[in-house]
Amino acid sequence: MGVDVIVVGAGVAGLAAARALALAGRDVVVLEARDRIGGRTWTDPALGVPVDLGASWIHGIDGNPLWSLASAFGIDTVEFTVGSFQFDGRPIAWHDPSGAPVADPGAFVADLHTVDGLLESIVADAAPGTTYAEAVATVLASLGWSGARALRVQEYMAHRSEDLCGAPVTDLDAHGLEEEHVPGDEVVFPGGYGQYAAALAGGLDVRTDAVVAVVHQNDERVKVTTTDGSEFCAAEVVVTVPLGVLRAGDVVFDPPLAGPAAGALDRLGMGVYDKVFLRFPEQFWDTWVIRQQGSAGVDWHSWYDMSRVTGEPVLAALLGGAGARRIETLTDDEIVAEGVTALRRMFGDAVPDPTAFRITRWAADPFARGAYSYLHVGASTDDHDLLGTPSGRVQLAGEATWGDDPATVHGALNSGLRAASRILGRQVTPAELASTLGA
């Protein structure tokens with residue numbers, strides 16, 4: 001089959017690129033390995049209400065193209081600005097290592113603000129190869145804090161690394177969170193993030209269950225071969241598979257990727273971030289977020305109130321890094337039992353058994369091999385954009401290739417538009433994606 005452009009992957013990056021190209025009159029085919037579109041945006045109804053198993057938030061609506069597209073696509077949003085950089089401003093229930101409410105949460109939050117205020121200059125002066133853990137330790141040493149006070153802050157900063165990068169704080173480069181704190185309120189979607197993929201895919205030629213094995217290019221064309229032997233030919237190809245799939249070598253490039261993209265691929269890391277959704281017969285909490293300190297909160301440190309989004313009593317535990325990798329080795333029943341035990345430690349034995357659950361395993365997913373990219377120690381903030389450097393007729397796109405906001409859906413969308421802009425020879429704006437194909 002011959003077309004103008006082949007797009008590999010029907011996540012937001014691939015669909016944005018394909019839609020922009022199709023709107024410009026290019027003949028495009030999208031090859032998606034899964035039996036669904038959306039990639040790492042995946043809205044699932046198994047709990048009786050939509051929940052997002054992958055991306056959940058627009059992180060910072062100020063100037064964010066997803067925010068304007070939400071209105072254009074008719075997607076409803078709910079403000080939910082509470083995360084690893086928001087210690088206060090929204091109701092958070094802090095629990096100490098015993099499970100009891102923290103006696104003076106204001107003092108702990110003040111400590112977090114103090115450390116955050118000093119981290120910027122420490123990170124700016126950090127020598128190459130410095131980890132985020134070392135940067136935090138430097139700040140604590142400068143303050144003279146020790147004992148439980150320092151430990152609680154170190155724990156939180158480690159959880160922040162796991163939350164935002166899916167990686168241990170000892171693997172994250174000191175500069176790894178500079179790109180994570182974006183301005184403005186954050187929002188989530190009652191109908192799920194999957195609405196974006198559905199809107200972007202409208203009218204496109206998307207082939208699901210098409211697992212790409214080889215991308216071959218020469219001076220004249222690109223040929224993409226799937227695992228079932230199907231062949232697609234085009235002038236150019238945009239490959240948007242996740243960084244974990246690229247690093248695993250699941251897609252063979254012939255000739256191999258070379259130059260800046262190849263070097264960046266070797267340096268960047270792929271984090272793991274999983275979600276455990278528990279639906280209960282009734283709500284026993286009254287806060288936006290529940291956070292557990294100490295050893296009991298090593299993995300089960302953060303629970304989010306999804307009833308604000310779903311209208312039903314659903315809690316979501318978010319686990320990253322080593323904790324996510326560990327639970328992926330357990331059975332569903334073992335994971336649910338651990339989660340319920342963690343909640344009963346804080347709320348007592350009156351916590352009921354959940355009536356339903358949903359668990360993700362992004363590291364085990366062969367078409368993701370992780371949740372999102374991160375700046376591994378020794379990598380540069382430039383490596384994300386270097387990964388997106390064209391290699392002949394091949395372009396890589398996806399969140400891992402967007403240096404301003406990697407590990408975000410809007411980063412993925414922008415990377416897809418960048419690829420389309422290069423092919424078309426003109427700048428494509430996000431607003432153009434709201435146009436109707438064939439209109």
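## Aromatic pairs

Phe280 is buried, at a relative accessible area of 2%; buried means under 20% relative accessible area, exposed over 50%, and partly exposed in between (1.4 Å probe, protein chains only). The model is predicted: local features need pLDDT of at least 70, side-chain atom pairs count only at pLDDT 80 or more, and totals for chains, interfaces and linings use all residues. Residues are numbered from 1 along each chain as its sequence is written, and side-chain values use heavy atoms, with hydrogens and water left out.

The structure contains 19 aromatic pairs. Rings of Phe, Tyr and Trp (its six-membered ring) pair if their centres lie within 6.5 Å; planes under 30 degrees apart count as stacked, over 60 as edge-to-face and the rest as tilted. Phe280 and Trp285 are edge-to-face, because their ring centres are 6.1 Å apart and their planes stand at 70°. Trp285 is buried as well, with a relative accessible area of 4%. Trp300 and Trp303, by contrast, form a stacked pair, with 5.6 Å from centre to centre and 15° between the planes. Trp300 is buried at 6%, and Trp303 is buried at 0%. Elsewhere, ring pairs join Trp57, Phe80, Trp288 and Tyr304 into a cluster.

## Charges over rings

A charge sits over a ring if NZ of Lys or CZ of Arg is within 6 Å of the ring centre and within 35 degrees of the ring normal. Arg149 places its charged end over the ring of Trp145, 4.0 Å from the centre. Phe80, a member of the cluster with Trp57, Trp288 and Tyr304, has Arg308 over its face at 5.6 Å from the ring centre.

## Salt bridges

Across the whole structure, 18 salt bridges are found, each a side-chain nitrogen of Lys or Arg within 4 Å of a carboxyl oxygen of Asp or Glu. In the bridge between Arg34 and Asp365, the closest N and O atoms are 2.8 Å apart. This pair links distant parts of the chain, 331 residues apart. Both Arg34 and Asp365 are buried.

Arg267 and Asp383 form a salt bridge at 2.7 Å, N to O. Arg267 belongs to helix H8 (residues 260-267) and Asp383 to helix H12 (residues 383-387); helices (H or I, at least four residues) and strands (E, at least two) are DSSP runs, numbered from the N terminus. Arg267 is partly exposed at 35% relative accessibility, whereas Asp383 is buried at 2%.
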